[in-house]
Amino acid sequence: MDRKYVFDFDSTLTRVEALDVLAEITLKGRPDREEIIREIQHITNLGIDGDISFTESLERRIRMLQANRDHLPQLIEQLRKKISKSIAANKEFFETHASQIYVISAGFREFIVPIVAEYNIPEERVYANTFEFDGAGNIVGFDETNDLAQHNGKIECLKNLDLQGEVQVIGDGYSDYVMREAGIAHKFFAYTENVHREKAARHADHITPNLDEFLFVNDLPRNLSYPKNRIKILLLENVHPVAFDNLSEDGFSVELVSHSLPEAELIKKIKGVHVLGIRSKTRVSRNVLDAADKLMVVGAFCIGTTQIELEYAKNKGAVVFNAPYSNTRSVVELAIGEIIMLMRSIFPRSMEIHSGTWNKTAANSREIRGKNLGIVGYGNIGKQLSVLAEAMGMRVYYYDIEDKLALGNAVRCDTLEDLLNVSDVVSLHVDDNPHNRNLIGSREIRQMRQGACLINLSRGFVVDIPALEEGLRSGWLSGAALDVYPEEPRSNGPFETPLRGLDNLILTPHIGGSTEEAQRDIADFVPNKIMEYINAGSTVDAVNFPNIRLPKQQESHRFLHIHKNVPGIMAHINEILASYDLNITGQYLSTDPDVGYVITDVDREYNKGVIRALKGVEHTLRFRVLY
Ligand code: NAI
């Protein structure tokens, strides 16, 4: 179809209003600069929304600008850096459709022409105002006879152009919409990538948050196969606001819900959602996964993933990410603090003062310098604790069931007993393997040194509570700190443990990893994983999915195919690829016993029939194309 595309310039092709930028340049160094710039922006908006006459808005602004011809090169240089993100990403569209593209702007040719020239738009297709200069090069006015210097001048301008075919206008302002209202343009796209102007959006045939959406709707060549604004992300349970910022800045449509949703509500809400973000309270059950028609990713903005049916999700082709390391440092810092508090008997001294007793004593108060710390479980947390404890002068011993490299001067123990025998403080950092139930019982406690302390920040079931109670009551252990319990309540409220009231025992409600920093880190970590998967197909660190680390996709199309891992399926996929004579530039495959994930990069040109053929492969769980 013969189409013409009429683009606005300011806040559409560029992210800014050029005269605002010019003001920043010309008013540099003036004490009232901010005030004048605010006033100029205000007048700009009044003009754009049609609240004052456009000529008036222009006159007033030019007077305030005090600009000179010499300022223009600087302005152009700055505008060049401020092309709208999705416009810059789709330069190819401007190259291939050059003859159909026009710029109609109430801005000025002096800066528009050099900017759009880089996008293949020749000056004869730029319609805009022109400045008037005095002998000294000062900008003193503009050509008032130009249609575009008039109120609703774009109507007249477009009318005079007498364009053939369907005319589509793309702009951010009401003054762009008027061409459609006057019946000279056929469609108006409100462009909201840089600024959302309600008055324009309200009247638009289509709101386009970026050029990708506009190109998608018109089925035009584009940089992204699927506009990101069409990818719906639902974030539940009040995840950190930075997660929202990260995902929406990347262009996704993100909805926030402050609480968790019960199954029945989530089943309704999950329809059409591509990415679900949860914390520990939302159950992603089989029923929820069955109701999800678009779900590609579940992001657990926490450490644990037991609230998600991981295997079921995998078999539906939904990838799950969590943030296993975001709170490592938080746990380690608590462990360090507790080692000191226990060795110095700080809690008993503090309790005494709370109940009105002064008891200044050095009894049972020891420095940690030179003492032996035994770390059981030398994983993420154990290792980091090892480094910090050593820096404070402790001698570190560790025991792990796997062969772990010692950091710093830490000494590996061959058996748990060796470690228990030698340590002044034992800190547990094993994982949640069921074999670790009662790893520390009466026998192990008696294997510890008399007067030693025990810290458990790992899992509640790792320590046999009656044995610990006996160890503390008998005085064999001089102190202990627990953050985790064999049974923990689901919500805050009453809590009972036989350990209540014991001396030199620090009890905390599973807060080892609960810090603002950890929450903040999760809000970066999980969105990054989500974006790497959606934008490029990478599944590194996925909890339930074969991991594939991918090179950056360059000048190619990427086919992502998730399938049931049944015999012969890869052969079938490759037969199809071969039959379409594709030039494959890279192929990556990872499987587990249930699913296979294969990524194929092909040259830019390919027969679209291959997509249908790949989607049609039996046992396909999900197929996507990225470019
Ligand atoms: P990780 O998986 O990196 O390390 C666990 C290590 O323990 C591994 O090296 C493993 O080989 C070792 N291990 C397992 N069983 C063992 C055994 N019987 N004897 C000796 N070594 C054994 O885990 P990460 O990230 O270091 O976390 C450690 C623990 O801390 C986990 O149980 C986790 O749930 C818990 N955690 C607690 C938090 C809290 O708020 N209190 C916050 C974060 C983690």
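First, the ground rules. The model is predicted, so local features need pLDDT of at least 70 and side-chain atom pairs count only at pLDDT 80 or more, while totals for chains, interfaces and linings use all residues. Residues are numbered from 1 along each chain as its sequence is written, and side-chain values use heavy atoms, with hydrogens and water left out.

Domains, then. The assignment for the protein chain, which is automatic or from a database, gives domain 1 (3–217), domain 2 (227–327 + 515–545), domain 3 (365–506) and domain 4 (551–625). Taken over C-alpha atoms, the centres of domain 2 and domain 3 are 34 Å apart.

Next, a sheet. Four strands make an open, antiparallel sheet in the order β22-β23-β21-β24. Helices (H or I, at least four residues) and strands (E, at least two) are DSSP runs numbered from the N terminus, and two strands pair if DSSP finds at least two bridges between them. At the edges sit β22 (584–591) and β24 (620–626), each pairing on one side only. Neighbouring strands are turned by 10 degrees against each other on average, direction ignored. Axes here are lines fitted to C-alpha atoms, for helices over the stretch in contact, and angles run from 0 to 180 degrees between N-to-C directions.

Inside the sheet, eight bridges join β21 (residues 557–564) to β23 (residues 595–602).

Helix α24 (residues 569–579) lies across β21, β22 and β23, at about 150 degrees to β21.

Now Gln307, in the loop between β12 (297–300) and α16 (310–315). Is Gln307 buried or exposed? Buried, at 8% relative accessible area; the cut-offs are under 20% for buried, over 50% for exposed and partly exposed in between, with a 1.4 Å probe and protein chains only. Beyond neighbours within four places in sequence, Gln307 has contacts including Ile278, Arg283 and Cys302.

Last, cysteines. With a disulfide taken as a pair of cysteine sulfur atoms within 2.5 Å, the count is zero. For Cys453, the nearest cysteine sulfur belongs to Cys413, 18 Å away. Cys453 is buried at 0% relative accessibility, and Cys157 is buried at 7%.

Key
Contact = heavy atoms within 4.5 Å.
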